[in-house]
Structure formats: structure tokens, C-alpha cells
Amino acid sequence: MTTSPQATSPRANAASAPPHLAVVLFSLAMGGFAIGTTEFASMSLLPFFAADLKVDEPTAGHAISAYALGVVLGAPLIAVLGARFARRTQLLALMAVFAIGNALTALAPGFGWMIAARFLSGLPHGAYFGIAALVAASLVPQHRRSQVIGQVMLGLTSATIIGVPLANLIGQAVGWRASFGLVSVLALLTVLLCALFAPRDQAGRSDPLRELGALRSGRVWITLAIGAIGFGGMFAVYTYLATTLIEVTRVSPAVIPFFLAVFGVGATLGNLFVPRFADRALMPTAGVILLFAAVALLLFPLAAGNPWLLAADVFAIGASVSLGAILQTRLMDVAGDAQALAAALNHSAFNTANALGPFLGGIAIREGLGWTSTGPVGAALALLGFLIWIVAWRDASTAQLDIASASERASLKNAPAKPAPPLAPDDRSRSDAVGDPVA
């Protein structure tokens, strides 16, 4: 099986699609499952490792921010440095580093060591998802890109149904360190699957300077800003969800995995169905998701007192995760030749939101606004993301008009000249008179 270097030729992609596409997507999604488990489980385990490492919960949130910082810095750096390497080779190396980072987290003797291990674990995150998205998109026609990217992202969202609740249960029963050990094992399993089934491709034809060209595009930066701001609201709520359930909803810690699974079901169904609409209307779908998230986040404080209402609201907040696959496709459209960097930067933006949301939510909690104040903070971030989306949408509409006008001008320029209309009787007689010397 081979892949094209760019996911831009629908005919070539359709012709080269492997016979076992589902197996390839499953192998790529397994890496997302491992990443999603560690990213979201660390939030649900926050009360437990905070107590064990003797730090308060807002301080323990710095471990989550350290992971996010690793993603933000690692994604563009690895994408640029790995431009000349085969994508399959990069997938294997990234998941190996990810396995080491999570093993070191499980063995961390103190909070400082944990911060360093979480940063290392985050470095491969964005680059892995970016490369996996490009591999998946290169195997299908262009009109199916959002769907297969969403299927790769199903690994991350299904982790919130299975991996995160399982890690939380293990963390409560055995200890939080065992949960990160489980993630390390999942990462090694991904290395094995990708070694067996990931398409074998040649060394990358791109180069670092070409990849860096994506940074000159204003459309790339606007798309990244939508994710970096708009996604922050979901993380503001999710980071402190376990504590909110204990302190506000007054449920037993044993029930927390149920709510985490409900969030995961919402995220998984969102990634299954929303990209189908995005393949028809990409930017409008992104705008609707941002508004939907803002409403769900605003309702969070009202629903927090009732377990069933809160479950429904958490489900809705989870569905907004589908914005990630939509923005990934948008970046492919505006990045030009710098596909790898743009795809990786999407996850830098995602984890900028992962750092920003918990940080702002923690400030609101420390100011005495209560655990549910993360909902309004998140809604404000989603609405700010929507305002940025308006700028991107207007730009996209203008670009489409420019393309249509250019196409129309080209067609008029290349159109054959129309024959002159027949002369009227009076004009015919005048013409004859001018051409006749006798007259």
C-alpha cells in the first residue's frame, strides 16, 4: 500500500485506496485512543494525584497545562523537522516517545517530575494526529476527507467512553499511576499496529522551508484561532467536572466514570455524524457547532444540581468536540503545500484551548465564583471563537466570489466571437451605396 505525498488529487486518492481501509483507520485511531485516554483521564484523575503529590487542585491543573504546552510546541516543531521523513516512520517514532512519556509519568517521584513527564508526553500528540489525518485523507476521494478524519478522531472520542472511565476506575481502585501505565501499554500496541498496517510510503517530498510557508497565511492563523479560543470552553468545564460532581452535584466518586462516558458518547456521535454535514457545508457547520457549544456551556450551572440534567448537558458539551475534524479539513484547504505543519498546528490550537480553558476556569474558582463558574467562562470562550469564525467565514465567502469571478472572466475571454447581427434594410442599402462607386 502506498500513499500520495499530498491529499489533493481525488482521482489518484480513489485509485490508490487500499483494500483494507478500515484496518488502516483502526490502527491510526488506536493511537488516538491512547492519546485521548491520557489527555482526558489526567483531568478526571486530578483530585487523586493532587492529594498523593500534596498539592492543591488548581496547582495540580498545571500538569494538564504542561501536557498542553508540550503539544503546542511539539506539533509544529516535529512537523517541520520531520518533513523529509516517511509518514509511517514518523507515526512509529512518535508513539514510541509517547509511550516513554507516560511510563515516566507513572513513575514520577514528585510533582516537578510529573510536570516534566507530562510535557514530554505532550510533544508527539499534535504531530501524530496531524500525520494520521494526512494519511487517512490521502486514501479517499476529496469529498470524503472530513469523514475519514472524523473516523481517526473516533479513537480520541471513544477513549472518553471506554479509556477514560476505565482509567478513572483503575485510578480509584489501584492508584493513578496504574492509569498512566495503561496508556503506555496502549501506545506500544499502536506502534505494533502501525508497523503492520500503516501504508508504506517514501520519504517526504516536502522540506522545512515549504512547511513553514503555512505560517505566512492569514487564513491558517484565523482557523487556528477559532480552535484555540472556541475549544477552550469545553476544557474549562471538563477539567473540573469530577470535582464539580463531588462538591456540587453531590454524587459518589464511583459514579464519576458514568458521566465521563456520557461525555464520550456525545463526542463520538458528534464525530460520526457532524463531519457528514461539514463535507457539504464546511464553514457553516463550524459556526453552528460553536453556537451550540456556547448554549450547552451556559446551561452547565443550571444543570449541575441535578444528575440527570447534568448528564444531558455533558452529552451536549461532548458533541462539540466534532469541531476538531472540521477545522482539520479547513486547514487542509488553506495550507497549500504545507499540509503536515497545518495539520499538526490544529492540535497545537486544540491544546492551547486545553491550557487556556482550565487556566481561566481555575481563576474563576479561586475568585470564589464556585465550581460551576467554569460554564459561563467556557460559554464566553465559545462565543469569542464564534466571532473569530465570522471573520473566517466572510473571508471564505469573499474567496469563493473571487474564484467565481475569475472563472467567469476566463470563460468570457476564451469564448468564440459572436457573429455580427444582420444589417437592417436601411443599413444594408447604405452599405451597398458606400461600396458602389457609381452610387
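**View 1. Aspartate 52 and arginine 177 pair up through their side chains in a salt bridge, at 3.9 Å from N to O.** To count as a salt bridge, a side-chain nitrogen of Lys or Arg has to sit within 4 Å of a carboxyl oxygen of Asp or Glu. Aspartate 52 belongs to helix H3 and arginine 177 to helix H8 (residues 176-197), so the pair ties together parts 125 residues apart in sequence. Searching the whole structure turns up one salt bridge. Aspartate 52 is partly exposed at 39% relative accessible area, and arginine 177 is partly exposed too, at 28%. Here buried means under 20% relative accessible area, exposed means over 50%, and partly exposed is in between (1.4 Å probe, protein chains only).

A quick note on the model: it is predicted, so local features need pLDDT of at least 70 and side-chain atom pairs count only at pLDDT 80 or more, while totals for chains, interfaces and linings use all residues. Residues are numbered from 1 along each chain as its sequence is written, and side-chain values use heavy atoms, with hydrogens and water left out.

**View 2. The whole chain has 20 helices and zero strands.** Helices (H or I, at least four residues) and strands (E, at least two) are DSSP runs, numbered from the N terminus. Of the 439 residues, 54% are buried. The accessible surface comes to about 18600 Å², and 69% of that belongs to carbon and sulfur atoms. Those areas come from the Shrake-Rupley method with a 1.4 Å probe; for residues, only the protein chains shown count as cover.

**View 3. Helix H2 covers residues 21-44, and its end C-alpha atoms are 34 Å apart.** That agrees with the 34 Å its 24 residues should span at 1.5 Å a residue; the expected span is 1.5 Å times one less than the number of residues. H2 is mostly covered, with 21 of its 24 residues buried.

**View 4. A nonpolar patch on the surface is formed by Val265, Leu269, Leu272, Phe273, Phe277 and Phe315.** Together they have about 510 Å² of accessible area. Helix H13 (residues 256-278) gives the largest share, five residues. Phenylalanine 277 lies in H13 and counts as exposed because its relative accessibility is 53%. Patches take residues with over 30% relative accessible area and no salt bridge, joining like charges within 9 Å and nonpolar side chains (Val, Leu, Ile, Met, Phe, Trp, Tyr) within 5 Å.

**View 5. Lysine 54 has a positive phi, near 60°.** Most residues other than glycine have a negative phi. Lysine 54 is in the loop between helix H3 (46-52) and helix H4 (57-81), and is exposed at 72% relative accessible area. Arginine 250 also has a positive phi, near 65°. Look for arginine 250 in the loop between helix H12 (241-249) and H13; at 64% relative accessibility, arginine 250 counts as exposed.

**View 6. Serine 373 is in the loop between helix H18 (339-366) and helix H19 (374-414).** At 8% relative accessibility, serine 373 counts as buried. Leaving aside residues up to four places away in sequence, serine 373 touches Ala364 and Ile365, where a contact means heavy atoms within 4.5 Å.

**View 7. Over residues 1-19, pLDDT stays under 50.** pLDDT is the predictor's confidence in each residue, from 0 to 100. Where pLDDT is low, the predicted coordinates should not be read in detail. Residues 423-439 also stay under 50. The chain averages a pLDDT of 80.
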